[in-house]
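I opened this model to look up its fold, its charged pairs and its aromatic rings. My entries follow in the order I made them.

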Amino acid sequence: MTFDKPIKIQVQDPETEQWVDAFEKNLLARVNKTGGGSGFNAGAEQYHVRLTFELRYLKKLEEIAFGVQPFRIIYRGRTYKVVDYDDFKQSHRTIKLDGVLYG
């Protein structure tokens, strides 16, 4: 399996609350569905898609490890809230980011 799905990682500016690109260009990832589920929000049942985005290690990605809240991923025109960061045994080979579809 190759890293062939373009994604964009954005970070929210704490002062302006505007989303800005965290990297100058798109990154390439492997993308797999890792789950989903339904829950209630505002009295309506909603389904939440969860994807895992696996990327080649980049030092700058470590910023996400210290707080996933201000980060999001844009993939195929949809926005995913980053909910988990994993650098397996800190091997610095690949990084896995779990994202939940907004909505």
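**Entry 1: the elements.** I counted one helix and seven strands in the protein. I then read off their order from the N terminus: β-β-β-β-α-β-β-β. I note here that this is a predicted model.

Entry 2: I looked up how much of the chain is covered. Of the 103 residues, 31% are buried. The accessible surface comes to about 6900 Å². Carbon and sulfur atoms account for 48% of that surface. I also checked the contacts between residues at least 6 apart in sequence. Of these, 49% join residues at least 24 apart.

**Entry 3: salt bridges.** How many salt bridges are there? I get a count of five. I went through some of them one by one. Side chains of opposite charge can pair when their charged atoms come close.

I started with Lys5 and Asp4. They form a salt bridge, with the closest N and O atoms 3.7 Å apart. The cut-off is 4 Å, so this pair counts. Lys5 is partly exposed, at 26% relative accessible area. Asp4 is partly exposed as well, at 42%.

Next I took Lys8. Which residue does Lys8 pair with in a salt bridge? The partner is Asp21, and the closest N and O atoms are 3.7 Å apart. Lys8 lies in strand β1 (residues 5-12), and Asp21 lies in strand β2 (residues 19-21), so the pair ties together parts that are 13 residues apart in sequence. I checked the cover on both ends. Lys8 has 29% relative accessibility and counts as partly exposed. Asp21 is partly exposed too, at 40%.

Then I looked at Glu62 and Lys59. Their side chains meet in a salt bridge at 3.3 Å, N to O. Is Glu62 buried or exposed? Glu62 is buried, with a relative accessible area of 17%. The limit for buried is under 20%, so Glu62 falls on the buried side. Lys59 is exposed, at 60% relative accessibility.

**Entry 4: aromatic pairs.** I moved on to the rings. A pair of aromatic rings is described by the distance of the centres and the angle of the planes. The count comes to three aromatic pairs.

One of them is Phe53 with Tyr75, an edge-to-face pair. The centres are 5.7 Å apart, and the planes make an angle of 80°. Phe53 sits in strand β4 (residues 44-56) and Tyr75 in strand β5 (residues 71-75), so the pair ties together parts that are 22 residues apart in sequence. Phe53 is buried, with 0% relative accessible area. Tyr75 is buried at 8%.

I followed Tyr75 to another partner. Tyr75 and Tyr80 form a tilted pair, 6.5 Å centre to centre, with 50° between the planes. Both tyrosines are buried. Which residues form the aromatic cluster? I list Phe53, Tyr75 and Tyr80, which form one cluster.

**Entry 5: charges over rings.** I looked for charged ends above ring faces. The charged end of Arg30 sits over the ring of Phe3, 4.3 Å from the ring centre. I found another case at Phe23. There Lys60 lies over the ring face, 5.4 Å from the ring centre.

**Entry 6: positive phi.** I checked the backbone for positive phi away from glycine. Glu17 has a positive phi of about 60° and is not a glycine. Where is Glu17 found? I place Glu17 in the loop between β1 and β2. Glu17 is exposed, with a relative accessible area of 57%.

His92 also came up. His92 is not a glycine, yet its phi is positive, at about 55°. His92 is in the loop between β6 (78-86) and β7 (94-101). His92 is partly exposed, at 37%.

Methods:
Residues are numbered from 1 along each chain as its sequence is written. This is a predicted model: local features need pLDDT of at least 70, side-chain atom pairs count only at pLDDT 80 or more; totals for chains, interfaces and linings use all residues. Side-chain values use heavy atoms; hydrogens and water are left out. Buried means under 20% relative accessible area, exposed over 50%, partly exposed in between (1.4 Å probe, protein chains only). Helices (H or I, at least four residues) and strands (E, at least two) are DSSP runs, numbered from the N terminus. Rings of Phe, Tyr and Trp (its six-membered ring) pair if their centres lie within 6.5 Å; planes under 30 degrees apart count as stacked, over 60 as edge-to-face and the rest as tilted. A charge sits over a ring if NZ of Lys or CZ of Arg is within 6 Å of the ring centre and within 35 degrees of the ring normal. Contact means heavy atoms within 4.5 Å. Accessible areas come from the Shrake-Rupley method with a 1.4 Å probe; for residues, only the protein chains shown count as cover.
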